[in-house]
Amino acid sequence: QKEVEQDPGPLSVPEGAIVSLNCTYSNSAFQYFMWYRQYSRKGPELLMYTYSSGNKEDGRFTAQVDKSSKYISLFIRDSQPSDSATYLCAMSAAAGNKLTFGGGTRVLVKP
Amino acid sequence: GAVVSQHPSRVICKSGTSVKIECRSLDFQATTMFWYRQFPKQSLMLMATSNEGSKATYEQGVEKDKFLINHASLTLSTLTVTSAHPEDSSFYICSARDSGGRYEQFFGPGTRLTVL
């Protein structure tokens, strides 16, 4: 079993819909949680960075962390075709330490 | 925002040759950089952690003599794939951690290596 599980998708939504992504993990030591967006043949781009449990909002993005359930989510409101990409969750046990990635979810936002 | 560059973006080489990939943090200092490889439609797999001025720490299963890492300055780390073979063909991505207090990792654009 992988340390971090993420549905590979693809997740197809119409433009303007809410995109809902999630990851589950098994290592209770993870304290820092990140979401990255990766376009094809490009490096990942950091979207959200959160510590411990709770919610964090930044523009159209909302990240949620539930450590008791070992479950994290990313919501994208008012989705645009330009949001079509692969979304990777990542986590670490200590700030700045090596990251453990989920497998990524491919998202397709249709105009 | 923090910018990380990689050079070259794409390289094609013959089997048996060595290839060097550079990773630079352009607007911040990075005492720690990480090297990943990514196969098509798969996630990133950490190869090694590169610390400025000291030896890199390799993940289990990664050959340190094949993937040489040098982190000679606070803004530059290099990965050299020695005696490359077709199975080394992959997308190599570096990330850098800002030493100035932020703990986020910022990724470079990646280098696509094709070994013929």
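**Where chain B meets chain A**

Hi everyone. Between chain B and chain A, 6 residue pairs are in polar contact, both at pLDDT 80 or more; a polar contact is a pair of N or O atoms within 3.5 Å, where within protein one must be able to donate a hydrogen and the other to accept it, and residues adjacent in sequence count only if both atoms are side-chain atoms. By class, the side of chain B that touches chain A has 10 nonpolar, 5 polar and 5 charged residues, with Ala, Val, Leu, Ile, Met, Phe, Trp, Tyr, Cys and Pro as nonpolar, Asp, Glu, Lys and Arg as charged, and the others, Gly among them, as polar.

A word on the source: this is a predicted model, in which local features need pLDDT of at least 70, side-chain atom pairs count only at pLDDT 80 or more, and totals for chains, interfaces and linings use all residues. Residues are numbered from 1 along each chain as its sequence is written, chains are lettered from A and ligands numbered from 1 in the order written, and side-chain values use heavy atoms, leaving out hydrogens and water.

How many salt bridges does the rule find across this interface? There is 1, counting a side-chain nitrogen of Lys or Arg within 4 Å of a carboxyl oxygen of Asp or Glu. Glu59(B) pairs with Lys98(A) in a salt bridge, their closest N and O atoms 3.1 Å apart.

Now to Arg37(B), which is buried (under 20% relative accessible area, 1.4 Å probe, protein chains only). Arg37(B) has no salt bridge, and the nearest side chain of opposite charge, Asp88(B), is 4.7 Å away. The side chain of Arg37(B) does make a polar contact of 3.5 Å with that of Tyr92(B).

Note on methods:
Buried < 20%, exposed > 50% of the residue type's maximum accessible area, 1.4 Å probe, protein only. Lys, Arg positive; Asp, Glu negative; His and termini not counted.
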